[in-house]
Amino acid sequence: MMTSNLFTLRWGILATGGIANTFTKDLLIDPTTRDAGDIRHEVAAAASSTSAARAQDFLNEVGAPGSAKAYGSYRELVEAKGVDIIYIATPHSHHYQHARLALEAGKHVLLEKPIAVNAQQCRILRDLAKERGRFLMEAVWTRFFPLSREVVEFVRSGQLGHVKRVFADFSFWNDVEKEFGNQHRMVNLDLAGGALLDLGIYSLTWLFMALYHVQPKETQVAPHVSSAVTKYKPTGADETTTVLLLFPGTGAQGIATTSIQVATTPNPDLPAPDAIRIQGTFGDLTVNYAPRPRSYTLTPAASQARGTLASFKHETKSFEIPGGGHGMFWEADECARCVRDGRLESDVIPLEETEALMKVMDEVRRQADLAYPESIENLEYPLEGFGL
Ligand SMILES: NC(=O)c1ccc[n+]([C@@H]2O[C@H](COP(=O)([O-])OP(=O)(O)OC[C@H]3O[C@@H](n4cnc5c(N)ncnc54)[C@H](OP(=O)(O)O)[C@@H]3O)[C@@H](O)[C@H]2O)c1
């Protein structure tokens, strides 16, 4: 274990909802349980827009150290001394405003997905982070799983041949009407709800990892977008959405699907087919589950004419999530290393790529005539009503 160069990143948690709870618990897991002996995380503070008491309850619930401070406003948190980076876990609709608040206060930012409601907001956040010399990253934790990094390297190495097509699904069955009222952030347009921005971003992430991220700069060209969107009648949010991408740099195609009415895994007690399928000229690589992948399978192609060109055999590789965590600590470790090394963005999820993916989601919404209220598509800052 390297202790002499141990770097500590001090976190401020902005919002106290479901994912803030999961993420903060992961921060508190000893990094040596995942062989990350060079960094550590400190939960230094949390803020709730409701009250300082709510923030204190949150800190108690997650088991934060007694030294962690509780704030009853987001502004107090971003201005707090002893905090290096703000993890923002408010609804989509609020990401732009809250990220600006933190960056303007001079803090580094890890921002829950999607980074913003539209690509223009994303662009402004990128520019602001750069101007202020602060680290900024969209919290697509999936990319930091050792499994995902291995898959990306496998594709990049050319072992799968030329990747021609990728299918990716992330759909989460909910009896939407019963499970959520129409005010819930999954279906509420005022909170930028809908399948695409909440779940479809993971399907699109796998397309981007396999077809865009691995490409050299000259073939990293924005994809053409075709899409079909079915709306959730009570609110008009997107309910079942399919996106077809054509990457002009390579001619490869990607199909991303998402829904909040049918599921990738309809019954967790029964096996489900792998959700991601990456098809290369030497064979297929499938991944079991989009957001939190646990296994991948290689299937070499057999061709009578060409024999087997694949250098790999048929096998399934499974991965554990160490330390009893959820798997969100790997993205946190990346933040710590970037801040330690003075890097303003991560190579694993460059901001240019975050914006390219956001542009795809903008285009899908444009094709479906699906706009969110002006108050949250807005570029103005600060706006009333965002708990600032
Ligand atoms: N990476 C992942 O796996 C993952 C999983 C789930 C969600 N997410 C993302 O994380 C974000 C939050 O999702 P969540 O499931 O944690 O949501 P949630 O449980 O509803 O929590 C959101 C929190 O934001 C704060 N908030 C501030 N203004 C709000 C408003 N006007 N309406 C509702 N909440 C408001 C509230 O905390 P305080 O007021 O106490 O601050 C609330 O508890 C979303 O962007 C979502 O896409 C990511």
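Between domain 1 and domain 2 the count is 1 salt bridge, meaning a side-chain nitrogen of Lys or Arg within 4 Å of a carboxyl oxygen of Asp or Glu. Asp-198 forms a salt bridge with Lys-113. Their closest N and O atoms are 3.7 Å apart.

The model is predicted: local features need pLDDT of at least 70, side-chain atom pairs count only at pLDDT 80 or more, and totals for chains, interfaces and linings use all residues. Residues are numbered from 1 along each chain as its sequence is written, and side-chain values use heavy atoms, with hydrogens and water left out.

Now the two domains themselves. Domain 1 comprises 7-141 + 329-344 + 370-377. Domain 2 covers 146-318. These bounds come from an automatic or database domain assignment. The C-alpha centres of the two domains lie 27 Å apart.

Next, the interface. In domain 1, 18 residues are in contact with 20 residues of domain 2, contact being heavy atoms within 4.5 Å. The size of an interface is often given as the accessible area lost when the parts come together. Here the buried area is about 1,500 Å² (accessible area, 1.4 Å probe, that two parts lose on being put together, summed over both). Carbon and sulfur atoms give 66% of that area. Trp-141, Leu-370 and Tyr-372 supply 36% of what domain 1 buries against domain 2, more than any other three residues.

Polar links also cross the interface. The rule finds 5 residue pairs in polar contact, both residues at pLDDT 80 or more. A polar contact is a pair of N or O atoms within 3.5 Å; within protein, one must be able to donate a hydrogen and the other to accept it, and residues adjacent in sequence count only if both atoms are side-chain atoms.

Turn to the ligand. Around the ligand are 23 residues, each with a heavy atom within 4 Å of it. Thr-16, Ile-19, Ser-48, Ser-49 and Tyr-74 come nearest. A polar side-chain atom of Ser-49 lies 2.4 Å from a ligand oxygen atom. Gly-18 places a backbone N or O atom 2.9 Å from an oxygen atom of the ligand. For Thr-90, a backbone N or O atom lies 3.2 Å from a ligand oxygen atom.
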